[in-house]
Amino acid sequence: MKVLALDTSNRPLSVSVLNYDKVLATTTITTQRKHAAYAMQTIEDLVKVAKLKPSDLDRVVVAQGPGSYTGLRVAVTIGKVLSDTLKIDLVGISSLLALSLNVEKEGQLVAPTFDARNDILFTGLYRITSNGPKSVLPDQHISFEEWLKQLDQFDESIVFVGEDVANFKARLQAHFGTNFKSVVGIDNLPQAARIGIYGEQQRPVSDIDTFVPDYLRLTQAESDWQKLHPGEGHESYVEQV
Amino acid sequence: MKNENSLILSFETSCDETSVAVIKNGKEILSNIVATQIKSHQRFGGVVPEVASRHHIEQITICLNDALQKAGVTYSDLTGVAITYGPGLVGSLLVGITAAKVVAWAHQLPLIPVNHIAGHIYATNFDHPIEFPALALVVSGGHTELVWMPKEGEFKIIGETRDDAAGETYDKIGRVLGINYPAGPQVDQMAHLGHDTFAFPRAMEKNDNFDFSFSGLKSAFINTVHHADQINATLDKNDLATSFQQAVIDVLVSKAMRALDKYPAKEFILAGGVAANRGLRERLDQELEKRDVEFVKAPLKLCGDNAAMIGAAAEMLQRHGAKADMSLNANPGLEFEWAENEEE
């Protein structure tokens, strides 16, 4: 099974081409913000050096969110259009679960963390098993203080993963003491090779058209509108003319 | 079939329409799927960029498959993939650009980057090929510009709005009249029922350049209505609409006629969403009848944003060597070059 995997959820861009669990080519870039320009360029290069043609691919695995809205749309658009146009399998996985793949110790609790600014996080809680990370608390958009309250029910060590953990490290350490654990270096970056290998085991998306990013958050305009129009907002807003 | 005909799959997602089309030889629309988000943005009184981007990604594969199916073609029939890469909303543009790049790469097809404004102009190319030199007035919710085309493949701006686009001004004064976005069609209708009684300013009409300005007109309109509200006077809405539209049309038409004096074109093109405005079409009909120039209006159903026009422009651009690679990015502020300024 030839697999293309990618994550453009946040600042890092990670792309990998695999054949089953064998990595044929992989790249992670942390110095560029223009994923829209670099993602397809990187994919083209890696597929070429892996000595494959686009039509050789059997599956595309993408990190589906949460994360930067524009970033998510890059990977999700690539995933859904590639899957649609080549008639290949599409798998979407949580961008938070994707980060938790960097922790391998079975039984360990992992809290992948993205800074959503204003002391708010995109985060979730996973437990590592032999079959990969299992969700313990769902991915959510939550204030730092509320999140601490949710985590207080676990009296065990939690590994916080992600480049943004640094922004909260002092406060997490103060709160959790020795139960606060973190990782260093590349373990804080999404690794598309791990995303690909994990995605090979997952069930493909059945309806590609409805595959969209997991933003975990309404736009400001929509949430303001909903407050003024309770109970409305379920009809279709887009129509072909 | 391949190599004998040009068969272009085109994408357009620069604002609030997701559109995919299949265009044969730059002339024939095999399909032109347009999914509009107007109903969604009406909730907010105008286009919200993040909402627009989200809708584009919901629609993109639906529109793509509908376009191919309606055209009765498969990927192996195609000779190119075209995409609007600017100007427009960056998040919206990126969905279409990414989709187009994926299709081009997956099927190893050339990728043709298209300026949205060139697309609007080429909406007129289906009925008969554009004759050069040509002068185009492109007016929409996001753009108001005069484009000089000395020959095929060359686009030069000679004038543009310095503030609001004409269509944007319609939406803003529409709000004051209680008309939801997009307000253009209803204001146009009302403008045919009233009289030009308010003498709104015609900004820059006498200036010696081809630029436009609509923010002064907008302010004058809003002040007039607010002042009347304060003294509890009732103004005739049709007269307001007529007076507003007359001011817009006077400025657009007088600048366009002056531009024609300096740039003698064989063909004068009216394109963009506001090209559907009946008042503007009628006035240009009258003015251009007196001149030795052919007046070509974009067909009503191709005035708004659509991918067919992008495919038509792409066929021409591809013949002139336009090609992009996988590094293509959105250029939200994309502009044609300005025409050389002659000594004044």
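Colleague: Which residues does the UniProt annotation "binding site" cover?

Modeller: According to the unreviewed UniProt entry, V138(B), V139(B), S140(B), G141(B), G142(B), D171(B), G184(B), D188(B) and N277(B). UniProt positions follow the numbering used here, feature names are shortened, and annotations may be inferred rather than shown by experiment. The model itself is predicted: local features need pLDDT of at least 70, side-chain atom pairs count only at pLDDT 80 or more, and totals for chains, interfaces and linings use all residues. Residues are numbered from 1 along each chain as its sequence is written, chains are lettered from A and ligands numbered from 1 in the order in which they are written, and side-chain values use heavy atoms, leaving out hydrogens and water.

Colleague: Why is D171(B) called buried?

Modeller: Buried means under 20% relative accessible area, exposed over 50%, and partly exposed in between, with a 1.4 Å probe and protein chains only. D171(B) has 18%, so it counts as buried.

Colleague: And what makes G184(B) buried?

Modeller: Its relative accessible area is 19%, so G184(B) is buried too.

Colleague: How do you know what D171(B) touches?

Modeller: Contact means heavy atoms within 4.5 Å. Not counting residues up to four places away in sequence, D171(B) touches Y181(B), P182(B), A183(B) and G184(B). With the neighbours within four places in sequence left aside, G184(B) is in contact with Y170(B) and D171(B).

Colleague: What makes a set of residues a nonpolar core?

Modeller: The members are buried Ala, Val, Leu, Ile, Met, Phe, Trp, Tyr and Cys residues joined through side-chain atoms within 4.5 Å. The largest such core has 84 residues, and I121(B) and F268(B) have the most contacts inside it.
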